[in-house]
Amino acid sequence: MSCLFRGFELGGFSVFVLEKDVVNLGRILRAIPDKKYIEMQKRVKMVQQHFIWHKMPVKFDLFHMILHSVWNNRVFV
């Protein structure tokens, strides 16, 4: 997974689908239990601020997440 997403447990608010399974996407999404869907929806609301690009950067928005990812890769790789 891209280093941009370090610090996020992506499985908590997203569904991973293999390219070959895209044709079954509807079935895959409908198979998610309602309780899990609601939990995932709440989690995506909690992290959505980190995926918004503002014209003028705002602390912890996508711009800052990308900068952090670049810094993190330079320091720890």
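This is a predicted model: local features need pLDDT of at least 70, side-chain atom pairs count only at pLDDT 80 or more; totals for chains, interfaces and linings use all residues.
Visitor: What makes the protein an α-α-α pattern?

Guide: The protein has three helices and zero strands. Read along the sequence, that gives α-α-α.

Visitor: What makes the contact between Asp-21 and Lys-20 a salt bridge?

Guide: The N to O distance between their side chains is 3.5 Å. The cut-off is 4 Å, from a Lys or Arg nitrogen to an Asp or Glu carboxyl oxygen. The pair is within that limit, so the name applies. In general, side chains of opposite charge can pair when their charged atoms come close.

Visitor: How many salt bridges does this rule give?

Guide: The count is one.

Visitor: Why is Lys-20 called exposed, and what is Asp-21 called?

Guide: Lys-20 has 63% relative accessibility. Exposed means over 50%, so Lys-20 counts as exposed. Asp-21 has a relative accessible area of 21%. Buried would need a value under 20%, so Asp-21 is partly exposed.

Visitor: Why is Leu-62 called buried?

Guide: Its relative accessible area is 18%. The limit for buried is under 20%, so Leu-62 is buried. Leu-62 belongs to helix H3. Its C-alpha atom is separated by 7.9 Å from that of Gln-49, 13 residues apart along the chain.

Visitor: Which residues of H3 are buried, and how do you know that they share a side?

Guide: The buried residues are Leu-62, Met-65, Ser-69 and Asn-72. They cover an arc of only 80 degrees around the axis, which puts them on the same side of H3.

Visitor: How do you know what span to expect for H3?

Guide: H3 covers residues 62-76 and has 15 residues. The expected span is 1.5 Å times one less than the number of residues. For H3 that comes to 21 Å, and the helix reaches 21 Å from its first C-alpha to its last.

Visitor: What part of the protein counts as buried, and what makes up its accessible surface?

Guide: Of the 77 residues, 18% count as buried. The accessible surface comes to about 6500 Å². Carbon and sulfur atoms hold 62% of that surface.

Methods: Residues are numbered from 1 along each chain as its sequence is written. Side-chain values use heavy atoms; hydrogens and water are left out. Buried means under 20% relative accessible area, exposed over 50%, partly exposed in between (1.4 Å probe, protein chains only). Helices (H or I, at least four residues) and strands (E, at least two) are DSSP runs, numbered from the N terminus. The arc is that of the directions from the helix axis to the C-beta atoms. Accessible areas come from the Shrake-Rupley method with a 1.4 Å probe; for residues, only the protein chains shown count as cover.
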